[in-house]
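Okay, thanks everyone, let me grab the screen for a few minutes.

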Amino acid sequence: MTPCKFSHTLCHINLGALVRNFRRCGNPATLMPVLKSDAYGHGLIECATALSAAGAARFAVGYADEGRALREEGFTQEIMPLMAPVCREDWQLITSWNLLPLICSLEQLEAASARATTDHPLPVAIKLESGMHRQGFRGEQLAVVIDKLRQNPALQPRLAVSHCSCADIPSRHSFTVQQISLFTDLAGCLLNAFPGMKASLYNSAGILDSSYRHNLEDICRPGVVLYGGNPFAGTEKEYLGQDFEWVMGLSTRILQVTELRRGEGISYGQLFHADRPMKIAVAGAGYANALPRALTFGLSALVHGKKVRSVGRVCMNMTMFDVTDIDNVCPGDDLWLLGGNAADGEQAVSAQDWADKLETICYEILCVVGSMNARTYSRD
């Protein structure tokens, strides 16, 4: 059976922009690009392929099964699932596909040791609790961790890992400095015990803000900046991420161009009434395509490169836009909900624009939009 194409709405993924963003993050040899959640909705395999060609030596994924998917496609890089193994299936994937498990507890360390043998050594990453307070070993546990690692030479500690919780919040700079100091001490204990280990703390914000550097050899984990997001959006440090390019665009087709007479309402609930004669483009995308219904009064788009605004309630498969002031709009024309080529004096809509209006973060927008729409790829 031919696969069903559910709509005319497409995610446009610019792999050229992805690679340029990757290169802006620094030396590829010191980076572990984050491809979790299907590469933030951009496509796991396609993004890994582009980054591999650009020199990526390792990847962070979400779950072990994403690591399996990369291995099946022939990727030989070191691959670390960020979700620690919690069941037999996770461990089976890790050992079968040569993944680097993130060990966050003594129970997980015991499970890793049980699977590491002379014939089949198991590399591991050790998660350290430095201030996020989600997962990882506290300082008072390190002596036991080091002892257990030494008891089984088939366990190969590769990476000391933690995660910044406030690096993207300039007002919490002092907390991040404290977190870095604690991580430096904790990771230093592991690196002294196992000199071949490396350390990995910094996320996108830590990469952009050079005031957070410390003296350990870093493996940084760029995430949202790879896809164009700015972790400092809306802060006084927003300028640090201004050179990154959005990788994802979102377009749909205009289904019909109709008129709205003065005084007439439109869409469910008749929330909008025309105060003048209007020309309306009915676009073939709605909340089934991840257009937030909560943006009923806040959606903008580009038509023929010019900014237009939505009118009336966002529907499941349709949203209406006021194109009164744009000539020659026809059914079948493209309407760009994110990205697109803006005319002089205009600006394309970004995932950050949606996030600001919804009081959320662009990460959420990218993941949802990318997971709910078909994707097409270019290398512009």
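So, A355 is buried, with a relative accessible area of 0%; buried here means under 20%, with exposed over 50% and partly exposed in between, using a 1.4 Å probe and protein chains only. Quick caveat: this is a predicted model, where local features need pLDDT of at least 70, side-chain atom pairs count only at pLDDT 80 or more, and totals for chains, interfaces and linings use all residues. Residues are numbered from 1 along each chain as its sequence is written, and side-chain values use heavy atoms, leaving out hydrogens and water.

A355 sits in helix α10; helices are DSSP runs of H or I, at least four residues, strands are E runs of at least two, and both are numbered from the N terminus. What does A355 touch, leaving aside its neighbours within four places in sequence? T360, I361, C362 and I365, where contact means heavy atoms within 4.5 Å.

Now the helix pair. From α10, A351, Q352, W354, A355 and L358 meet C362, I365, L366 and V369 in α11. Those divide into eight nonpolar, one polar and no charged; Ala, Val, Leu, Ile, Met, Phe, Trp, Tyr, Cys and Pro count as nonpolar, Asp, Glu, Lys and Arg as charged, and the others, Gly among them, as polar.

Over to the strands, which pair if DSSP finds at least two bridges between them. β15, residues 334–338, pairs antiparallel with β8, residues 248–260, over four bridges, and with β12, residues 300–303, over two. Look at W336 in β15: S251 has it as bridge partner, and L302 stands opposite W336 too.
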